[in-house]
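Grab a pencil and work through the exercises below. Each one comes with a solution you can follow step by step.

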Amino acid sequence: MSLPAEFHDIAKRVNNWGRWGETDEIGTLNLITGTVVRDAAAQVRRGLRIPLALPLHQDGLQTGMIPGRVNPLHTMVQINQELFGPGTVATSDDAVTMGLQAATHWDALTHVSHSGRIYNGRPAGTITAHTRARFSGIDKATPVISRGVLLDVARAKGVERLPGDHAVTPEDLDEAAEFGGVTVRAGDIVLVRTGQMQLCLGGDKHGYGYPSPGLSVRTPEWFHARDVAAVANDTLTFEIFPPEIENLWLPVHALDLVEMGMLQGQNWNLETLSTACAQEQRYAFLLSAMPEPFVGGTGTPVAPVAVL
């Protein structure tokens, strides 16, 4: 089934292909300039550091709903081994097998394609089993450090968690920005809280994944108009799931990653940050969210930290 005209109309309005040149591979990360980072550092007042990543362990949030996306399998390959002979210093080493998007992660611009294309108009066929993502792999990302802004949609609406059928709209984002007293500006990394993570933290992994609130197909235009550098939220699927438009699967992924060239993140734990921002009465902070540079990777685990 081909993508509907409504999707292509939005795609034309948010398209960034060629904006930073024909050879560009990082998209909206170009918006994180030295000036943006310097201004972001000025957000730090107390030095309060809040981690936003889920723990990595075998009993993680993956249930098999997404084929091949396995929870971390952590094994010991050395345990107190005296490598250089009896009585020498002993070492312990371990190894991990996991889906790169199994827990808190960034999607690379190559995570999805549509109409045979990835970001900046390159062929989707440049992603292969041998070369992986030849262009715009997660290793190409520049340092993801900028001003973070929490748009706490759930708290702004006075609820603990949005219902599973709630599509977060541009109007919701405006409401959350007004609630937090923040203006989203160029180069910002926007974190959208729905409260859905509470289900995951409470042990309901299936309920966490489906049904899930998430971003509406109308939100990419909101982010594009404000020159947002990246967006992350506290859900498994990022966008509302099942989709708001029948049989139109992952349209927000395609608009954000392919058309705009904007990193998006999922499974971020925003609960402690929500409480801290409410207590501090400020919703902007320094955010460090460096991707692990897996060469050719279409995603990566990330351990983000917000600093207030």
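Before you start, one term: two strands pair if DSSP finds at least two bridges between them. Keep in mind that the model is predicted.

**Exercise 1.** Work out the order of the strands in the open sheet, and find its edge strands.

*Solution.* Start with the order: the 9 strands run S1-S15-S13-S7-S9-S11-S12-S4-S14, with mixed pairing. Next, look for strands that pair on one side only: these are S1 (49–51) and S14 (299–301), the edge strands. Going from one strand to the next, the twist averages 25°.

**Exercise 2.** Take strands S9 and S11 and say in which sense they pair. Then find the bridge partner of Leu191.

*Solution.* As background, strands of a sheet pair through backbone hydrogen bonds, either parallel or antiparallel. Here, S9 (residues 189–193) and S11 (residues 230–233) go for the parallel sense, over 4 bridges. Leu191 has Ala232 of S11 as its bridge partner.

**Exercise 3.** Which strands does helix H2 touch as it packs on the sheet?

*Solution.* H2 covers residues 34–41 and touches S7 (145–152) and S13 (284–288). Compare directions, and you get about 60° between H2 and S7.

**Exercise 4.** Is Asn120 buried or exposed? Find its surroundings too.

*Solution.* Now apply the cut-off: buried means under 20% relative accessible area. Asn120 has 11% relative accessibility, so it counts as buried. Residues that Asn120 touches include Trp17, Asp24 and Val258. Glu22 is also one of those contacts, and its backbone oxygen lies 3.4 Å from a polar side-chain atom of Asn120.

Definitions and conventions. Residues numbered from 1 in each chain as written. Predicted model: local features only at pLDDT ≥ 70, side-chain atom pairs only at ≥ 80, totals over all residues. Heavy atoms only, no water. Helix = DSSP H or I, 4+ residues; strand = E, 2+ residues; numbered from the N terminus. Axes fitted to C-alpha atoms, helices over the stretch in contact; angles between N-to-C directions. Contact = heavy atoms within 4.5 Å. Buried < 20%, exposed > 50% of the residue type's maximum accessible area, 1.4 Å probe, protein only. Polar contact = N/O pair within 3.5 Å; in protein donor to acceptor, adjacent residues only side chain to side chain. Lists of a residue's contacts leave out its neighbours within four places in sequence.
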